[in-house]
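Colleague: I have the model open and would like to go through it with you. Could you begin with how the copies are arranged?

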Number of protein chains: 2
Amino acid sequence: MSLVTDFYAGRKVLITGGVGFIGSNLAHRLVERGAEVVVVDSMLRQYGARLENLDGIAERVDVNFSDVRDAHSLGYLVQGKDLIFSLAGQVSHIDSMRDPMTDLEINCHSQLSLLECCRRENPGVKIVFASTRQVYGRPRYLPVDEVHPVDPVDVNGINKFAAERYYSLYDKIHGVRSVSLRLTNTYGPRMDLVSDTKGFVGIFVRRALRGETIRVYGGGEQRRDFNYVDDVVDALLAAGANDAVYGDVFNLGHPKPLTLLEFVEALHEVADFEHEIVPFPPDAKAIDIGDYYGDFSKFQAATSWRPRVDVAAGLRQTLEYHRRLGVPDGSEA
Amino acid sequence: MSLVTDFYAGRKVLITGGVGFIGSNLAHRLVERGAEVVVVDSMLRQYGARLENLDGIAERVDVNFSDVRDAHSLGYLVQGKDLIFSLAGQVSHIDSMRDPMTDLEINCHSQLSLLECCRRENPGVKIVFASTRQVYGRPRYLPVDEVHPVDPVDVNGINKFAAERYYSLYDKIHGVRSVSLRLTNTYGPRMDLVSDTKGFVGIFVRRALRGETIRVYGGGEQRRDFNYVDDVVDALLAAGANDAVYGDVFNLGHPKPLTLLEFVEALHEVADFEHEIVPFPPDAKAIDIGDYYGDFSKFQAATSWRPRVDVAAGLRQTLEYHRRLGVPDGSEA
């Protein structure tokens, strides 16, 4: 712990999407560790940006409102940084099908643009890129490791994979060091409970908090792996601090995958609500990937990272945080 | 032959990049076959557009100057078409590294934009997309078949692969039918002999025509497969007419791969010039893929297509055409 911690003291760090869910949790931790943090965020509400996410550290981070699609401000912001955590993204699979050009602009165009900024203005910087297990599409075997074929089933997965490849290419050809982590379902304090196109976890947590009925699609037997956000932040920090991982791609994951119904059962332990099983809506069914859980042993071997929080403890902390904050109305389609 | 020919009589066909090398050859053939052809082209000289390419059919095709990056005109142009040949592209690997954002706009953004136009305005259209063997990167075995891992070594390969996946996704999810052909080195009449960042074939042919010394990089033992443009046009037409190929991806290729030196020897048969072996320039070396030749048996099984022209006959016809037309000055960097 202390080695990783010390690594960040005094480091100049840029977090894109730093006012969003994972970015803001990372910002809190980096401030604790003594890093000099600049967060850049477009404040697009539907992507999870919420200034309250920085409550407690607002005086100790430099917040810059800018969109990663804006190559001019990014070209300035990357200068002088030791590390960049590239977390800004459009994360909804459904939205990527409804509005594919926006997904392309944010997840593809902006990542290549960020790399061009670094190549010109700060080629010595190191970048940790938040990718997604969505690049694999429907698993051909489980758990999914990094040699599993890439076969994305939605625009989001295609664009995130292209971005991974840009990072890998700039690492190899231009020497702009980077590492990509393929995140799976992440939950925890500061998660976005408003947008309803980002997958079931946020919807389930909000409905549990509000005592509303949770609708589970397609039987509820689909298995998934869930990472508590503190574990994901640990992984991002471990990646950033570990020279051996640069130039490569790693899965995150959890040793105990759950069915959706088991996840709902865990929610029942910490909240009072009903649930029911309903058929898939057509647009969700079209891009559903069935069971998924990832093999994270490659990342564990490289960094010693492993998830420390199980779903019972993680959901308890998540619900406590959001009860204190107040629960938003949903915007379910 | 006659079945494929008949299929196109009276068909309404749009060719993007239709004033360029392969697009214009395709336009000639489609006009012969009685199709109603609209070619759309941005007339960017560095991408090979040259109005002389339409000499002989200018009165029988509808030429529309527009850039595939312009979603407004494309949204109109796709209406009422039976088939679209999506050939407009940035094809230089080197340029994709020097100016990656332009490659992304043309090869990635514009393809997704074209698909969105079709989804909205003409979901029943069928599309043949010209992809590239560059998606494979450095071959892990030879000949490369379609299950070979995709591991592109330059921005062009990444973006072309993303585009293939958009096409495949819209075929599966939105029912906009498409097929992708992964082209290899294509040569023939109307090829671009001016741009010098599109690979060695155009440079070699121009220098042979002008009696200038050909510089062969890195020993000349690298093997490649070469398709004469008439064979590529055959393949495009066979793909477009064959319902069984839609939703899939196919290699082109040639049964007789050649080393670069063997290709130069074949040029010596039809032109008078010197050649010398020189080391790789660094930017070309960084993205060189070594030996490549493709296995086209999957496409042959599906359509009976196979290349009919060998390099001796193909180069003779190429040089005859360009001698008649006049040989341009080069722009070698």
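Modeller: This is a predicted model. Chain B can be laid on chain A with an RMSD of 0.0 Å, by a turn of 180 degrees and a shift of 0.0 Å along the axis. The two copies are thus related as by a two-fold rotation axis.

Colleague: Which residue of chain B comes closest to the rotation axis?

Modeller: That is Ala162(B), whose C-alpha lies 3.2 Å from the axis.

Colleague: Why do you say the copies meet through the same surface?

Modeller: Because 100% of the interface residues of chain B are also interface residues in chain A.

Colleague: What is the angle between α6(A) and α6(B)?

Modeller: The two helices pack at about 170 degrees, and their axes are 10 Å apart. Angles over 145 degrees count as roughly antiparallel, so α6(A) is roughly antiparallel to α6(B).

Colleague: Which residues make that contact?

Modeller: From α6(A) they are Val155(A), Ile158(A), Asn159(A), Ala162(A), Arg165(A), Tyr166(A) and Leu169(A). From α6(B) they are Val155(B), Ile158(B), Asn159(B), Ala162(B), Arg165(B), Tyr166(B) and Leu169(B). The contact of α6(A) with α6(B) comprises 10 nonpolar, 2 polar and 2 charged residues. Ala162(B), then, is part of this helix contact and is also the residue of chain B that comes closest to the rotation axis.

Colleague: Now to a pair within chain B. How do α2(B) and α8(B) pack?

Modeller: Helix α2 (residues 21-32) and helix α8 (residues 229-240) of chain B pack at about 65 degrees, with axes 10 Å apart. That makes α2(B) roughly perpendicular to α8(B). Their crossing is right-handed.

Colleague: Which side chains face each other there, or rather, which residues meet?

Modeller: Ile22(B), Asn25(B), Leu26(B) and Arg29(B) of α2(B) meet Val229(B), Val232(B), Val233(B), Leu236(B) and Leu237(B) of α8(B). This contact has 7 nonpolar, 1 polar and 1 charged residues.

Colleague: One last item: where is Gly199(B) found?

Modeller: Gly199(B) sits in the loop between β7 (185-187) and α7 (200-210) of chain B. With 18 other C-beta atoms within 10 Å, Gly199(B) is partly exposed. Its C-alpha atom is separated by 22 Å from that of Arg140(B), 59 residues apart along the chain.

How values were computed: Residues are numbered from 1 along each chain as its sequence is written. Chains are lettered from A and ligands numbered from 1 in the order in which they are written. This is a predicted model: local features need pLDDT of at least 70, side-chain atom pairs count only at pLDDT 80 or more; totals for chains, interfaces and linings use all residues. Axes are lines fitted to C-alpha atoms, for helices over the stretch in contact, and angles run from 0 to 180 degrees between N-to-C directions. Helices (H or I, at least four residues) and strands (E, at least two) are DSSP runs, numbered from the N terminus. Angles under 35 degrees count as roughly parallel, over 145 as roughly antiparallel, 65 to 115 as roughly perpendicular and the rest as oblique. A crossing is left-handed if the near helix is turned anticlockwise from the far one by less than a right angle, and right-handed if clockwise. Two residues are in contact if their C-beta atoms, placed from the backbone, lie within 7 Å. Ala, Val, Leu, Ile, Met, Phe, Trp, Tyr, Cys and Pro count as nonpolar, Asp, Glu, Lys and Arg as charged, and the others, Gly among them, as polar. Copies are superposed by least squares on the C-alpha atoms of residues with pLDDT of at least 70 in both. A residue is buried if 20 or more other C-beta atoms lie within 10 Å of its own, exposed if 12 or fewer, and partly exposed in between; C-beta atoms are placed from the backbone.
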